[in-house]
Amino acid sequence: MIPEKNKEYTAIVTGVSSDGNGICRIDGYTLFVPQTVTGDKIRVLVVKTRTGFGYGKRMEIIEPSPYRTEPVCGAYRRCGGCQLMHIDYAYQTEIKRGIIENAMRRIGGFEDFFVSDMVGADKPYRYRNKMIFPIGKDKNGEIVCGFYAQRSHDIMPLDGCVAGGDFNGAVIRAVKEYMQENNVSPYDEKTHTGLVRRVFTRVSAKYGSVMTVISVNGDNLPNREKLIKKLRTACPDIASIIVNINKKRTNLVMGDKNVTVWGSDTIKDNLLGLDFEISPHSFFQINHDMTEKLYAKALEFADLSGNENVMDIYCGIGTISLCAAKCAKSVIGVEIVEKAIEDARKNAQSNGIDNAEFYASSAEEIVPKLIENGRLADVVILDPPRKGSEEKTLSAIVKAAPKRIVYVSCNPATLARDAKYLCENGYSITKSAGFDMFPNTMHVETIVLLQNRNM
């Protein structure tokens, strides 16, 4: 029976969904309720109904769950950045373990799948080395900078964020002051007018240097030397100030062209003893400490002795590739973003690594060609985007028959789908681990080791 819309009910939350909503049932009907957790007794308003399930709004917590905690961020209830800050951190990791296991069992058909090792973060706050803050106007015409509110493109003003470094507040204030004092307009996505679109920051966890990128709907910033002075005063660790040209009517965070207006074009960070140059467009994992744990586990699963040929598919700027190259015979890295491959080659050279080569192409195009030309691998490392790997790529890997496949995934659903294909074609999952790379959000990273059953 479907409950009545716009009516309030009392319910017990019995679980948490893969998108972070609490799950409760009213006369057998499933209702998803944001910012609730297993064990909460709530008064809930039914706001949307569909066949089979609906959505509710939490009106009151009648009895709080033992897993509930007070969010450390005052903007949490409105902000769309985090979904789980109301949940005790230890229980957050158990929720994510369940999400991985449920996806692998339900989508992949791995009925007995269990996450062997679920690795939580030592620092559930201040872990992000990259932040993006949109800029716009409020209803009174005042410049605002912050995050989008939940399920909207309304900018919620923030003076920093507890997920990122505390220097972000100083950077935001400096940019807003510069704009106000120099009559620089914020971007309006509805009319495609105004100049400043976003403030984007990166920080090196190892060296502490900060990059600030200002995305603009134009070719330059007026009186930019005044902005440079304000930013350097507000954040003494700034090493790079870049203007990103983004004049397209698009939701893409950045355009293709960067202009360095002060400092260096890149900043440097370090992973597992190797230095990496990071540009504004570089893909570099957001949580440095957890990335080192993730990569160490990937290398453990790869079990390299120095005699293996490795293929790293979706290699980005070569982070895993170059870490693997230290203990492999050779490494081939594949990535569709040409700038990332340029960075990977530079990173190999600067780290003195000469047994790694990189190809700029889509995985589904280059991997079959490499394998057809005899460039076989003993170990394949897969680290695809959220959509997972193309079947054409997986088919080529199966044809090459590597001994081991180490699959690193940011999406349990596509991992389950791809692992099912690989296991139907000669492989078995022998090890797994989950990593909470993004505390207080629903995102989770997973690694599985697939062994060739014929070797």
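**Close-up 1. Asp138 in the loop between β7 and β8.** Asp138 is partly exposed, with a relative accessible area of 31%, where partly exposed stands between buried (under 20% relative accessible area) and exposed (over 50%), computed with a 1.4 Å probe and protein chains only. The loop that holds Asp138 runs between β7 (130-137) and β8 (143-148), strands being DSSP runs of E with at least two residues and helices runs of H or I with at least four, numbered from the N terminus. The C-alpha atoms of Asp138 and Arg128 are separated by 27 Å, although the two are 10 residues apart along the chain. The model is predicted, so that local features need pLDDT of at least 70 and side-chain atom pairs count only at pLDDT 80 or more, while totals for chains, interfaces and linings use all residues. Residues are numbered from 1 along each chain as its sequence is written, and side-chain values use heavy atoms, with hydrogens and water left out.

Close-up 2. Met442, in the loop between β21 (427-435) and β22 (445-452), is buried, with a relative accessible area of 10%. Apart from neighbours within four places in sequence, Met442 is in contact (heavy atoms within 4.5 Å) with residues including Ser17, Asp19, Gln83, Leu84, Ile95 and Ile99. Thr393, 49 residues from Met442 in sequence, lies 28 Å away in space, C-alpha to C-alpha.

**Close-up 3. Ser215 in strand β11.** Ser215 belongs to strand β11 (residues 210-216) and is buried, at a relative accessible area of 2%. Leaving aside neighbours within four places in sequence, its contacts include Leu195, Val196, Arg197, Arg198 and Asn244.

**Close-up 4. The salt bridge between Asp289 and Lys123.** The side chains of Asp289 and Lys123 meet in a salt bridge at 3.3 Å, N to O, the term requiring a side-chain nitrogen of Lys or Arg within 4 Å of a carboxyl oxygen of Asp or Glu. Because Asp289 lies in helix α4 (residues 288-302) and Lys123 in the loop between β6 (117-119) and β7, the pair ties together parts that are 166 residues apart in sequence. Asp289 is partly exposed at 35% relative accessibility, and Lys123 is partly exposed at 44%.

**Close-up 5. The salt bridge between Asp219 and Lys247.** In the salt bridge of Asp219 with Lys247, the closest N and O atoms are 2.8 Å apart. Asp219 lies in the loop between β11 and α3 (224-234) and Lys247 in the loop between β12 (238-245) and β13 (257-263), so the pair ties together parts that are 28 residues apart in sequence. Asp219 counts as exposed at 56% relative accessibility, whereas Lys247 is partly exposed at 43%.
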